[in-house]
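This briefing concerns a single protein chain. Please examine the sequence and the structure shown below before reading the points that follow.

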Amino acid sequence: MNNLTTVETACNNLATAGQATTFTAIAEHTGISRTTLYRNPDLRAVINEHRQRSSDPRTLTALTTEIAHLRTGLEALADRVRQQEERLRRLRNIQPPQNQLTRTNPGTVSQTPVPILTG
C-alpha cells in the first residue's frame, strides 16, 4: 500500500472512531513521520481535506440552529419590507394642497398644484 492510500485509510478510520484528524494522529496510525506528512503536498492535501470535513458543522443540531437564525433574519427583513410598503401607501394617499405656489423656472412662479413628497 502506498503512502497516499495509507494516509487516506488512517483519516477514514479516525473519522469513523470520532477522533480528531491531526497530523500527529495520522503519523501514529501510519508510521509515517509528521515531517513527511507536512512536506508531501499530496499527503498534506488529503489530511487537510479530512480535517475540513470533520469540522464541517453539518450536524442536525447545527442545521436546526442555522435555519432558526436564518428564519429570524428573514422575518426581520419581511417586517422592514412591510413597513416600507405601508410608508409608500401613505405617501401615495397624500393629497397636494390646492393652489400651492411652486417655482418652475428661475424667476417665475406657477399656480399649478405639484405634489411635494418629503421623506
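At its relative accessibility, does Thr5 count as buried, exposed or partly exposed? Thr5 counts as partly exposed, because its relative accessibility is 36% and the classes are buried under 20% relative accessible area, exposed over 50% and partly exposed in between, for a 1.4 Å probe and protein chains only.

The model is predicted: local features need a pLDDT of at least 70, side-chain atom pairs count only at pLDDT 80 or more, and totals for chains, interfaces and linings use all residues. Residues are numbered from 1 along each chain as its sequence is written, and side-chain values use heavy atoms, with hydrogens and water left out.

**Confidence**

- The average pLDDT of the chain is 80, and 74% of the residues score at least 70; pLDDT is the predictor's confidence in each residue, from 0 to 100.
- Confidence in the chain is highest in α2, at 93, and lowest in strand β2 (residues 109-110), at a mean of 52.
- Where pLDDT is low, the predicted coordinates should not be read in detail.

**Overall architecture**

- The chain contains five helices and two strands, taken as DSSP runs numbered from the N terminus (helices H or I, at least four residues; strands E, at least two).
- Along the sequence, these elements follow the pattern α-α-α-α-α-β-β.
- Of the 119 residues in the chain, 17% are buried.
- Among contacts (heavy atoms within 4.5 Å) between residues at least 6 apart in sequence, 36% join residues at least 24 apart.

**Packing of α1 and α2**

- Helix α1 (residues 3-17) packs with helix α2 (residues 23-30) at an angle of about 115 degrees, and their axes are 9 Å apart. Axes are lines fitted to C-alpha atoms, for helices over the stretch in contact, and angles run from 0 to 180 degrees between N-to-C directions.
- The two helices, α1 and α2, are therefore roughly perpendicular to each other, a class that covers 65 to 115 degrees, whereas under 35 is roughly parallel, over 145 roughly antiparallel and the rest oblique.
- On the α1 side, the contact is made by Thr6, Val7, Ala10, Cys11 and Leu14, and on the α2 side by Ala25, Ile26, His29 and Thr30.

**Residues of note**

- Thr5 lies in helix α1, and its C-alpha atom is separated by 9.3 Å from that of Leu43, 38 residues apart along the chain.
- Thr6 is also placed in helix α1 and is buried, with a relative accessible area of 19%.
- Leaving aside neighbours within four places in sequence, Thr6 is in contact with Met1 and Thr30.
- The buried residues in α2 are Phe23, Ala25, Ile26, Ala27 and Thr30.
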